[in-house]
Structure formats: structure tokens, C-alpha cells
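These notebook entries record what I looked up in one structure. I began with a helix and its surroundings, then turned to cores, rings and strands.

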Amino acid sequence: MAVCSSSSSSGSSSTTKAWVIHGILAGAAVAVAIGTHAYLLLRRSGKFRSRVVGIIPARFASSRFEGKPLVQILGKPMIQRTWERAKLATTLDHVVVATDDDKIAECCRGFGADVIMTSESCRNGTERCNEALQKLEKQYDIVVNIQGDEPLIEPKIIDGVVKALQAAPDAVFSTAVTSLKPEDGFDPNRVKCVVDNRGYAIYFSRGLIPFNKSGTVNQQFPYLLHLGIQSYDTKFLKIYPDLPPTPLQLEEDLEQLKVLENGYKMKVIKVDHEAHGVDTPEDVDKIESFMRERNLS
């Protein structure tokens, strides 16, 4: 493996009633937190959750692909390609890399990225983002967790999840999905998602969901693939590490499920995006071929 070189997504009356009650409670919680008058002023002025930082968590140790952030993709380290795409998002006030590895930190500083060193005890990217947030000098309202293994992430998707969270005060988390390719239906590295009719997440799984009684992929069903980007309200992010692990989270090994199992709401946007995440060494050849075919440098 080459290492770093410096080059650069009409209910019943009871459902409706439950939704109204939830909306009232959520609004009350927000009002208590920041004051009704201040909350209304922020919403009207367009400054609600307006301060946004993008954090790219990166670790060297990985059971599936050690050193993945530093792997070369057409002459640039993958972490650099992700950082360059993130810098193009218009909603981000700042972009940093959060890592516990000196080699990754040195590489990132070499191409101009700001780096926050985090501890090796972080159990996932969300906890790493939280630790990095505590070490930043400025205060932010939203943290966007940008997966370092999505080197072709589109800036407009980053902007989309930010705007979705800004527009949903009852949600503490937002993320994106796209159409799932039928051949990826049973790939555990491709996380699937189901949402309700108001765009809030119901469940995430490494298995195919929904799963029909024939046990096969329904070529006509619009399955959803979860993309590796998510944003959090910073007040929620600060309490996330203290939430106890949940059975579904542990069984699926998906940190989003801890959010849902603890009763928090997650907004999901659907986007058109041909996902090219790098989960294994074999994915590097695939993404390089894709980039060459489309003249992406």
C-alpha cells in the first residue's frame, strides 16, 4: 500500500395526534433550552444552527483496511481527496481532520489541512468528532461528520444535510441516502436505510431492508443506501458518548442505531449520488477506474 505523498435521503388520526404531541414537546424543549423569544428570532433571521464545522475522523488501525486514509488514489492520499471536496461545501465555516495517528496528522498538515489530535479510546467516528469539537477554539451549532473513505463526496450533499438539520428543530441528527444498486443488496458493507413518510429515519441495517418473504432483491423496490455523511446538533453530540450502547447498535455495529434506540429523531435526505466508498483494498481499483473513465483528476 502506498502511503502519503504531498500532492496535494396519509396517516391515521392517532398517528397525526402523536405527531402533533411530539412536535409540541420538541418545541417546548427547544424553548426551554434557548428561550422562546431568542429561538423565534433565530428562526426568522436565518441564524438557527448557523455555525457549522466539518470534521473528517480518520484512524490508521482498521480490521478491514489498515492505513486506509493514506492510501493513494490516482496520486493523492484518499484523506486529501475527501478534504478537498469538503472544502467546496458552502455551508461549512471550517473543516478539520480528527485523528489519533501521527502519520495521518503529518500527511494532512502537509497538504494544508487543520488537524485535531484525538485519543485512541474513541470507539467510532461520532465520538472522535465530539472530542475534536471540545478542542476547537470556536463555538459551533452543527458538526458534520464527513467520512474519510468517501473521496468523491459531493459538496452539495454536505450542504444538503446541514440545511436539513437547520430546517428540522425536532431532529438532532441528519444524514443522506441514495438509491441502492440491486447487486449490493446483500453486501454488509453497504448500509441500508428505511424512512417514514416525513423523511425521518426508522432503521438502518447491514442486511437488506425491507426484507420480503421470497428472500430475494425486488428489482422494482426503491431500496435506500446510506451515505457516509451525517450532521449533529452540537448539544446532542456532547451527550452522545454518555448514552449507553444499545442492543441493535451492537448487533449491527452501526452507531446511528444508538441515536434511534435512545428516542432521538434523525432527518434523512434522498440524493442522486453514485456512491464510491472505499471499504476494502479492492475498492481502490474500482474507484480509480471510475475516475479515469470520467476524467476526474
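**Entry 1: a helix and its packing**

I looked up what surrounds helix H5, and its buried residues pack against S1, S4, S5, S6, S10 and helix H7 (234–239). Helices (H or I, at least four residues) and strands (E, at least two) are DSSP runs, numbered from the N terminus. Contact means heavy atoms within 4.5 Å. I counted a residue as buried under 20% relative accessible area, as exposed over 50% and as partly exposed in between, with a 1.4 Å probe and protein chains only.

I noted that nine of the eleven residues of H5 (residues 125–135) are buried, so the helix is largely enclosed by the rest of the structure. Among the buried ones are Gly-125, Arg-128, Asn-130 and Leu-133.

I then examined Glu-131, which lies in helix H5. Glu-131 is buried, with a relative accessible area of 18%. Setting aside residues up to four places away in sequence, I found that Glu-131 touches Met-117, Thr-118, Ser-119 and Cys-122. Its C-alpha atom is separated by 9.0 Å from that of Ile-116, 15 residues apart along the chain.

**Entry 2: the model and its confidence**

I recorded that this is a predicted model, in which local features need pLDDT of at least 70, side-chain atom pairs count only at pLDDT 80 or more, and totals for chains, interfaces and linings use all residues. Residues are numbered from 1 along each chain as its sequence is written, and side-chain values use heavy atoms, with hydrogens and water left out.

The predictor's confidence in each residue, pLDDT, runs from 0 to 100. I read a mean pLDDT of 85 for the protein, with 83% of its residues at 70 or more. Over residues 5–45 pLDDT stays under 50, and for these the model has 44 contacts beyond four places in sequence.

**Entry 3: nonpolar cores**

I took a nonpolar core to be a set of buried Ala, Val, Leu, Ile, Met, Phe, Trp, Tyr and Cys residues joined through side-chain atoms within 4.5 Å. The largest has 37 residues, and those with the most contacts inside it include Ile-79, Leu-92 and Val-144. Helix H6 (155–166) is one of the elements that each supply at least two residues of this core. H6 gives the most to this core, with six residues.

Leaving aside neighbours within four places in sequence, I found Leu-92 in contact with Val-52, Val-53, Gly-54, Ala-86, Val-144, Ile-146 and Ile-158.

**Entry 4: aromatic rings**

I paired rings of Phe, Tyr and Trp (its six-membered ring) if their centres lie within 6.5 Å; planes under 30 degrees apart count as stacked, over 60 as edge-to-face and the rest as tilted. A search of the whole structure finds five aromatic pairs. Trp-83 is in helix H3 (residues 78–86) and Phe-111 in the loop between H4 and S5, 28 residues apart. Both Trp-83 and Phe-111 are buried. I also noted that ring pairs link Phe-236, Tyr-240 and Tyr-264 into a cluster.

**Entry 5: paired strands**

I treated two strands as paired if DSSP finds at least two bridges between them. Strands S8 (residues 192–195) and S9 (residues 201–205) pair in the antiparallel sense over four bridges. Val-194 stands opposite Tyr-203 in S9. Their hairpin has five residues between the strands, and in it Gly-199 takes a positive phi near 85 degrees. S8 and S10 also pair in the antiparallel sense, over two bridges, and Lys-192 stands opposite Leu-225 in S10.
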